[in-house]
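The following report describes a structure chain by chain, then turns to selected helices, the contact between the chains, the nonpolar core and some details of the backbone.

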Amino acid sequence: MSNVELDKEYWRWTESRYTNPDLNWQDGDIISAGVDVGSVSTQAVIMVDGEIYCYSSMRTGSNSPDSANNAMDWALEGTGLSLNKIQYIVGTGYGRVNVPFAKRAITEIACHARGANFIYGPEIRTVLDMGGQDCKAIRCDQRGKVTAFLMNDKCAAGTGRGMEVFADLLQVHINDVGKMSLKIDEEPEPVSSTCVVFAKSEAVGLLRKGWPKEKVLAAYCSAMAHRIVTLLLRLGIEEKFAITGGIAKNIGVVKRIEDELKLKAPEPSIDPQLAGAIGAALFAKALVEKEQKKA
Amino acid sequence: MITVGLDAGSKNTKVCIFDDKVLSTASVLSGFDQEESAEQVLNSALDKAGIKREEIKHITVTGAGMDAIKFADTNITTITADARGTYFIFPSVRTIVDIGAEEGRVVKIDEHGKVKDFGINEKCAAGAGAFIEAMSRALEVEIEEMGELSLKSTKQIPMNAQCTIFAESEVVSLIHQKTNKEDIIRAVHDAIADRNTSMLRQIGIEKDISLIGGMAKNIGFVEAMNRNLGFDLLVPKDVVAPEYVSALGAALIAQDKIRG
């Protein structure tokens, strides 16, 4: 696909891969991996002794096994590491039962809590995972073990898919939506927080009225934030509070959630979209250790 | 005495001119300036009926955009308009299902046409016309053709998504899996019928039941509702088409106003 064509797909966020230059897989005792096949994105994370060695993050294709294979191949690319050297692989996410090379599937709720614990530290008690087609509020203990959760997977309002619809409508790249929504003088009234279809037709009306894109995006980001805050408040928030998933990278939504909750979420040092796969890779490591103990 | 009923809907603005009987009806896209659209559609209905503007004694407006129609003499809620219009056409009806572009309503009326109870879904596009519209775009099938096509379906397939946005993705993957278009369209109709049947059950099913609003023009959807309920819904045909029932109700209430 040419760059010109890619430019037209405003919803398409940037895919990425990474290899940790400070680690060498040959020196490790346990090589474990987690693959998170989400409804919108797939991540493969490979860990050496519980540290991130390499990862990939890409768009989920039309079937889960292919998406898992592609993500794994890309993560391994150029590392010299091969699939058979990975001792344990855990699948998670929406397509977790369809990860061909995974020994075990673990729910994304457990993996996101575990991943958030790794990314943000053991003092995290509430995790908000904002995914492509769902949104989860999770409470966990100091080891990242889930104690309670609530989720919305029935409605696009408050999910990444809803944001993609708006990126497309306004012809603003999904990576820029958040930043752009903050370039306003005054916070406008939010559009409908209950239905993306209605929010979209409201937005069309606002654009016709002459509202700049920034203001329309602000109205949508705050509607989305409000919807998510409602879910969080139903579960009850215990500090510290952290955000994972793709929308965690949308500063426009994150800032408005923080403002409404009057709480700050810590800045991630690692891509928060990887949380599920990181959690899965950590579970995989623990399962190797368990097997070794038995043996 | 000539009266006018205007239904300023979220998608279309409908008008009905009445004098002892329905003289004419007309519809136009509500567009950006709803008052201008109302003005325009009223003029075309007047032309159709061969009547001058000055002959109108009273204009009553209803619908989501009614506040924008400043030239109307009075306004009434959509629930009242639904009840009045339906009772005029089908006096035997006790439950009305009105499904418009962005809203679904269920109204219960007594033997005198008085509203007893009602329920509205205005928060979610699944269950309203906007759902079918989105699916017709995804399927690249004209919305007017959806009904007929679904009748050719030979297989019942389930739709997992409730949300319009998610259902759009589901329809796209069904297309990729080479699922028969007719079967997908039937599944779309079944999905929206399920939503509305459960709203109907919540308020209580009392016969006869009529189906009005723009969605009642879709034969595939009417069939899906009939299948769900196990009996046939009454769909207006002769007096006015189903999407004009609220406008007719408003015109009838305008008649009541001038009679005092």
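## Overall make-up of the two chains

Helices (H or I, at least four residues) and strands (E, at least two) are taken here as DSSP runs, numbered from the N terminus. On that basis chain A of this predicted model has 9 helices and 10 strands. Its radius of gyration is 19 Å, close to the 19 Å that the globule rule gives for 295 residues, so chain A is as compact as a globular protein of that length. The C-alpha trace of chain A spans about 70 × 45 × 35 Å along its principal axes, and 50% of its 295 residues are buried. Of the contacts in chain A between residues at least 6 apart in sequence, 71% join residues at least 24 apart.

Chain B contains 8 helices and 9 strands. For its 260 residues the globule rule gives 18 Å, and the radius of gyration of chain B, 19 Å, is close to this, so chain B too is as compact as a globular protein of its length. Taken along the principal axes, the C-alpha atoms of chain B fill a box of roughly 60 × 40 × 30 Å, and buried residues account for 52% of the chain. Among contacts in chain B between residues at least 6 apart in sequence, 70% join residues at least 24 apart.

## Helix α2 of chain A

Helix α2 of chain A covers residues 64-76, and at 1.5 Å a residue its 13 residues should span 18 Å, which agrees with the 18 Å between its end C-alpha atoms. Its buried residues are A:Ser64, A:Ser67, A:Ala68, A:Ala71, A:Met72, A:Ala75 and A:Leu76. Seen down the axis of α2(A), these residues fall within an arc of 155 degrees, so they line one face of the helix.

The buried residues of α2(A) pack against strands β1 (16-19), β2 (31-37), β3 (41-48), β4 (51-59) and β5 (88-92) of chain A. The helix is followed by A:Gly78, whose phi is positive, near 75 degrees.

## Helix α8 of chain B

Just after α8(B), B:Gly260 takes a positive phi of about 80 degrees.

## Where the chains meet

Contacts between the chains involve 14 residues of chain B and 14 residues of chain A. On the side of chain B that touches chain A, α3 (129-139) and α5 (164-176) each supply at least two residues, with the largest share, 5 residues, coming from α5(B). The residues on this side of chain B divide into 8 nonpolar, 4 polar and 2 charged.

Within α3(B), the buried residues include B:Phe131, B:Ile132, B:Met135 and B:Leu139. The cover over the buried residues of α3(B) includes elements of both chains, namely α6 (196-208) of chain A together with β6 (95-99), α4 (146-151), α5 and α6 (181-203) of chain B.

## The nonpolar core

The largest nonpolar core has 171 residues, and those with the most contacts inside it are A:Val35, A:Val45, A:Ile46, A:Tyr220, A:Ala281 and B:Leu6. Helix α7 (residues 213-235) of chain A provides the largest share of this core, 11 residues. Leaving aside residues up to four places away in sequence, A:Ile46 touches A:Ile31, A:Ala33, A:Tyr53, A:Cys54, A:Tyr55, A:Ala75, A:Leu81, A:Ile86 and A:Ala281.

## Backbone details

Most residues other than glycine have a negative phi, and most peptide bonds are trans. A cis peptide bond joins A:Glu239 and A:Lys240, with omega about -5 degrees, and A:Lys240 is placed in the loop between α7 and β10 (241-244) of chain A. The bond from B:Lys207 to B:Asp208 is also cis, with omega near -10 degrees, and B:Asp208 lies in the loop between α6 and β9 of chain B.

B:Asp20, although not a glycine, has a positive phi of about 65 degrees; this residue is found in the loop between β2 and β3 of chain B. B:Asp20 is exposed, with 8 other C-beta atoms within 10 Å. B:Glu140, likewise not a glycine, has a positive phi of about 55 degrees and lies in the loop between α3 and α4 of chain B. With 8 C-beta neighbours inside 10 Å, B:Glu140 counts as exposed.

Conventions: Residues numbered from 1 in each chain as written. Chains lettered and ligands numbered in written order. Predicted model: local features only at pLDDT ≥ 70, side-chain atom pairs only at ≥ 80, totals over all residues. Expected span 1.5 Å × (residues − 1). Buried ≥ 20, exposed ≤ 12 C-beta atoms within 10 Å, placed from the backbone. Arc of directions from axis to C-beta. Contact = placed C-beta atoms within 7 Å. Rg over C-alpha atoms; globule rule 2.2 N^0.38 Å. Nonpolar A, V, L, I, M, F, W, Y, C, P; charged D, E, K, R; others polar. Core = buried A, V, L, I, M, F, W, Y, C linked by C-beta atoms within 7 Å.
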